[in-house]
Protein chains: 2
Amino acid sequence: MDDIETLKRRAGEAAAGLVRSGTVVGLGTGSTARYVIAAIGRALADGTLTDVSGVPTSAACERMAREAGIPLVELGAAGVDIAIDGADEIDPALEAIKGLGGAMTREKIVAAAARRFVLVADATKRVERLGERAPVPVEVLRFGWRRTAAALASLGCTPRLRGGEAAPALTDNGHPVLDCAVPAGFDAAAFAAAVDTLPGVVGTGLFLGLARTAFIAGDGDVVRLERGGAAS
Amino acid sequence: MDDIETLKRRAGEAAAGLVRSGTVVGLGTGSTARYVIAAIGRALADGTLTDVSGVPTSAACERMAREAGIPLVELGAAGVDIAIDGADEIDPALEAIKGLGGAMTREKIVAAAARRFVLVADATKRVERLGERAPVPVEVLRFGWRRTAAALASLGCTPRLRGGEAAPALTDNGHPVLDCAVPAGFDAAAFAAAVDTLPGVVGTGLFLGLARTAFIAGDGDVVRLERGGAAS
């Protein structure tokens with residue numbers, strides 16, 4: 001059986017194969033997306049790819065992309081051609097939960113700005129229903145966070161301040177995160193709509209309607225899934 | 001004819017009359033809300049009110065409340081009993097635009113956390129339709145703001161970075177603001193719903209479904225309006 005790093009690497013390298021010369025690429029954050037960055041860097045170094053620039057979604061990803069030799073640009077009004085990122089959970093319709101790494105809001109800005117958004121993951125991230133195992137991370141303003149947590153709880157979830165009150169974990173935007181455990185029968189679309197309207201919420205880790213393609217690495221193979229389509 | 005400061009003072013003092021002893025009050029920010037703070041401070045000083053604490057919605061309002069002698073508390077999970085704040089535009093249904101002062105996101109957190117939210121304004125702030133004169137302020141993450149501006153523009157408005165690119169104005173939360181001029185026939189509810197789902201948006205100055213009461217000072221009198229009710 002292949003180890004999990006091998007699976008992550010295979011999924012990342014398969015997705016990197018979608019990147020074309022002369023494009024701007026959104027670079028995701030995390031343990032699988034790093035293999036995408038490494039693969040693009042190698043393709044630029046050996047000349048397989050030319051004139052590719054990257055938009056990093058976190059400080060960590062920015063460092064990694066610099067080391068890989070990928071020229072970086074700021075996200076412009078025109079968006080990016082393609083964005084490739086990992087996920088914590090992916091359901092059969094390619095809806096996803098992201099944010100265990102805390103970069104979900106920037107990642108979602110880039111994903112929504114991409115003409116094609118691609119998920120990469122090992123097979124352990126596939127779920128039948130979102131929220132089965134992962135909490136939904138919600139980035140919130142520090143101001144009034146207890147009230148925002150109460151408002152989230154009233155929607156039926158169980159929020160927990162990431163890192164605890166003594167030393168809350170902060171995103172690159174400087175905000176705390178409430179990890180919201182959701183009940184069985186969770187309706188991701190309804191929850192996302194309700195949470196997005198709550199004052200004090202900066203963003204959620206629910207990536208709905210965004211991914212068009214996913215590369216999922218299982219034992220021995222990488223499956224490519226298309227939104228609304230069949231596995232290939 | 002009364003000058004505008006007199007009108008603001010009268011509206012603020014009328015609203016402050018709703019505050020009861022033993023309650024927690026959300027304190028708004030701005031040139032009319034300051035008269036609410038001053039009136040509550042005087043009532044605490046002369047014993048008309050006792051055991052009132054305030055939740056400030058900005059650094060400026062916090063200083064003012066300290067000077068007025070109002071004990072301050074953080075916004076807790078239980079919210080506040082009443083919040084009183086100014087507005088840039090108020091329509092006949094008591095829907096409002098706020099945010100020319102840049103404090104709208106914290107103000108909205110407090111307004112939504114209030115059992116009663118009260119608006120105070122001089123009569124020049126009344127409009128038939130929201131967006132007639134004031135732009136809709138949208139607080140956004142600095143990351144990808146050009147792309148967020150493009151996404152806002154695709155909803156039909158004309159966004160403009162407050163303060164300009166060389167020295168953007170920042171909110172107390174540290175974020176820039178896009179002032180979005182809206183076209184005639186603007187549908188505030190549809191716009192708010194669309195904007196709230198955009199990644200990169202922290203909050204908007206549209207206060208819809210929040211105000212229950214408004215005190216509007218015109219020449220010689222203060223009109224009290226109730227949501228869904230008549231003037232008194």
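Phe215(A) stands opposite Arg224(A) in E13(A), where strands are DSSP runs of E with at least two residues, numbered from the N terminus. Welcome to a predicted model, in which local features need pLDDT of at least 70, side-chain atom pairs count only at pLDDT 80 or more, and totals for chains, interfaces and linings use all residues. Residues are numbered from 1 along each chain as its sequence is written, chains are lettered from A and ligands numbered from 1 in the order in which they are written, and side-chain values use heavy atoms, leaving out hydrogens and water.

**Strand E12 of chain A**
- Six of the six residues of E12(A) (213–218) are buried, so the strand is largely enclosed by the rest of the structure; buried means under 20% relative accessible area (1.4 Å probe, protein chains only).
- Thr213(A), Phe215(A) and Ala217(A) cover one face, with Ala214(A), Ile216(A) and Gly218(A) on the other.

**Its partners**
- E6(A) (114–122) runs parallel to E12(A) through five bridges, and pairing requires that DSSP finds at least two bridges.
- Leu119(A) stands opposite Ala214(A).
- E13(A) (221–226) is antiparallel to E12(A), with six bridges.
- In the hairpin of E12(A) and E13(A), two residues lie between the strands, and Gly220(A) takes a positive phi near 90°.

**The sheet of chain B**
- Six strands form an open, mixed sheet in the order E2-E1-E3-E6-E12-E13.
- E2(B) (53–56) and E13(B) (221–226) are the edges, each with a single partner strand, so one side of each lacks a neighbour in the sheet.
- E1(B) (24–27) and E2(B) pair in parallel over four bridges, with Gly26(B) opposite Val55(B).

Conventions: Buried < 20%, exposed > 50% of the residue type's maximum accessible area, 1.4 Å probe, protein only.
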